[in-house]
Amino acid sequence: MNPITPIINGMAITLKHMFMKPVTLQYPDERPKVAERFRGLHGLKVSHSKAKCVACYLCPTVCPAKCITVEAGEDANHDKYATVYEIDMLRCIFCGYCVEACPVDALKMTGEFELANYSRQDFIYSKERLLEKQ
Amino acid sequence: MGIEILGLPMMYYIAMVAKVLVAFVFVLLTVAYATYAERKIIGHMQVRLGPMRTGWHGLLQPIADGLKLFFKEEIIPAQANKFAFLVAPLIALIPAFITFAVIPFGGVIEVAGYKIPLQIAAYYDTAAGQVYDVNVGVLYILAMSSLGVYGIVLAGWASNSKYSLMGGLRASAQMISYELAAGLCIIAVFMLSGTLSLTKIVELQSGMGGFDWYLFKQPLAAFMFFICSLAEINRTPFDLPEAETELVSGFCTEYSSMKYAMFFMAEYANMVTVSAITVTLFLGGWNGPLTAAMPLLGPVYFIAKVYFLIFVCMWIRATLPRYRYDQLMHLGWKVFIPLALVNIVVTGIIGYFL
């Protein structure tokens, strides 16, 4: 086979690509557009200025990584609520089963993906850190 | 111009030093920014950006790289041959630079009534009214480019490591086989020019408004010479001596710090040199339109042509994958050498009848 034409074709392609717009994202300066259904950091939904969670224990039950800790308590209106709600982000596999399991739609997954921290303790997200910002 | 040293006017020495400095600094800068240009060009050919964060669009990247390498730890393997290990990077680097001594990068310019030919190893004899340069310039280039292989073989041997040794062996086999073909391509140029002096070769290409290049008379030789030169300086697609996938980093596996930087510089300096030689032999050197009226246009044309060829080197690197070793040898011995010989015979026959 003629060995020259494939080389010329290849050179033409690389030259053409040189004038294309680079696909690089200058990350810390430019932010990526996170997809709507992206599974990032969890968020506890808030309604009437308190968390919707009723501490039913469905999410720690369904969690395949066993990373959710819930402790139930009773408030002044005799309503069940979560006194402790912790997610260990070092164990979490971001499968989203907890969100699917939740019967009161109290949990969601946000687009937040920068979850780096300095100590292992900081990866255990407490209820205060998980509550969605109002 | 009263003072004379060894029968030559003072101006001769000043011009000589100035030419050496200008050419050397220019080549060094080109080498430094060739690394940047390579990363940028290949980046854009792969639809990436290349270096962007050191200075405006990464313009300070070569300086940052140099500083980093300068402060890196110097490691000499315990079982290495120390003297050869230390001297090998120099042997690789120096021939790459001194080849520039005979390459004419411009015509004759006049400074303060003294005529200076823009070629380091040349001077204008006012009494005879002509330029004298190294009359075997091409042989000098061939000799120096063959010297470069010693640095690589020595580096491979002195490192006392199997990867380095294999890299060195590959380099020597490759350089020797491709040098033959490159030499045979140059012979075709001699047959047209009848001289080995690079100044004369460039002058002979000055016709037709500066476009009487040997490229048009010897397209096959020009093409083959450029490819063989790429193989001789171990550029992709012929970078087998430092094939990362098989040989870690080939002959420079054991090198670190500035000595590694010297090999790196030698590689890029070789690329600049090879482009300059190809320009001189086949692309009319510094010739171009209007050089007679404005002698300073000469260096501009020369630099533009050299940069274009450097761009082609990078373009080829972005396009082609590495050759297999048997393909490399096949291409060198069974394709290029016979083609170059046929080219010489055809040139001879045409030359005899014209």
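Predicted model: local features only at pLDDT ≥ 70, side-chain atom pairs only at ≥ 80, totals over all residues.
**View 1. Which residues does A:Cys102 touch, not counting residues up to four places away in sequence?** Leaving out residues up to four places away in sequence, A:Cys102 touches A:Leu58, A:Cys59 and A:Leu107. To find A:Cys102, look in the loop of chain A between helix H3 (97-101) and strand E6 (107-109). A:Leu58 sits 44 residues from A:Cys102 along the chain, yet the C-alpha atoms of the two are separated by 6.5 Å. Is A:Cys102 buried or exposed? A:Cys102 has 20 C-beta neighbours inside 10 Å, so it counts as buried.

**View 2. Here is the largest nonpolar core, with its 92 residues.** The members that touch the most other members are B:Cys185, B:Phe225, B:Cys228, B:Ala269 and B:Val272. Which helix gives the most to this core? That would be helix H11 (residues 257-282) of chain B, with 15 residues. Now pick out B:Ala269: setting aside residues up to four places away in sequence, B:Ala269 touches B:Val27, B:Val31, B:Leu93, B:Ala96 and B:Phe97. Apart from this core lies another one, of 16 residues, and its members include A:Cys67, A:Ile68, A:Ile87 and A:Tyr125.

**View 3. H11(B) meets helix H12 (residues 297-319) of chain B.** The two axes come within 9 Å and cross at roughly 120°. The crossing of H11(B) past H12(B) is right-handed. On the H11(B) side, the contact is made by B:Met271, B:Val272, B:Ser275, B:Ala276, B:Thr278 and B:Val279. H12(B) brings B:Phe302, B:Lys305, B:Val306, B:Leu309, B:Ile310 and B:Cys313. Sort the residues of this contact by class and you get nine nonpolar, two polar and one charged.

**View 4. Helix H4 (residues 137-158) and helix H5 (residues 162-193) of chain B pair up here.** Their axes come within 7 Å and cross at roughly 170°. H4(B) and H5(B) are therefore roughly antiparallel to each other. Among the H4(B) residues that take part are B:Val138, B:Leu142, B:Val149 and B:Trp157, while H5(B) joins in with residues including B:Leu165, B:Gly168, B:Met175 and B:Ile186. How many residues of each class does the contact of H4(B) with H5(B) have? Twelve are nonpolar, seven are polar and one is charged.

**View 5. H5(B) shows up again, this time packed with helix H9 (residues 219-232) of chain B.** The angle is about 155°, and the axes are 8 Å apart. That angle makes H5(B) roughly antiparallel to H9(B). H5(B) passes H9(B) in a left-handed crossing. From H5(B), the contact uses residues including B:Tyr178, B:Ala182, B:Cys185 and B:Val189; from H9(B), B:Met224, B:Phe225 and B:Cys228 are among them. By class, the contact of H5(B) with H9(B) has 13 nonpolar, two polar and two charged residues.

**View 6. Finally, here is where chain A touches chain B.** Twelve residues come from chain A and twelve residues from chain B. What classes of residue does the side of chain A hold? There are seven nonpolar, five polar and no charged residues on that side.

Technical notes: Residues numbered from 1 in each chain as written. Chains lettered and ligands numbered in written order. Core = buried A, V, L, I, M, F, W, Y, C linked by C-beta atoms within 7 Å. Buried ≥ 20, exposed ≤ 12 C-beta atoms within 10 Å, placed from the backbone. Helix = DSSP H or I, 4+ residues; strand = E, 2+ residues; numbered from the N terminus. Contact = placed C-beta atoms within 7 Å. Nonpolar A, V, L, I, M, F, W, Y, C, P; charged D, E, K, R; others polar. Axes fitted to C-alpha atoms, helices over the stretch in contact; angles between N-to-C directions. Left-handed = near helix turned anticlockwise from the far one by under 90°. Parallel < 35°, antiparallel > 145°, perpendicular 65-115°, else oblique.
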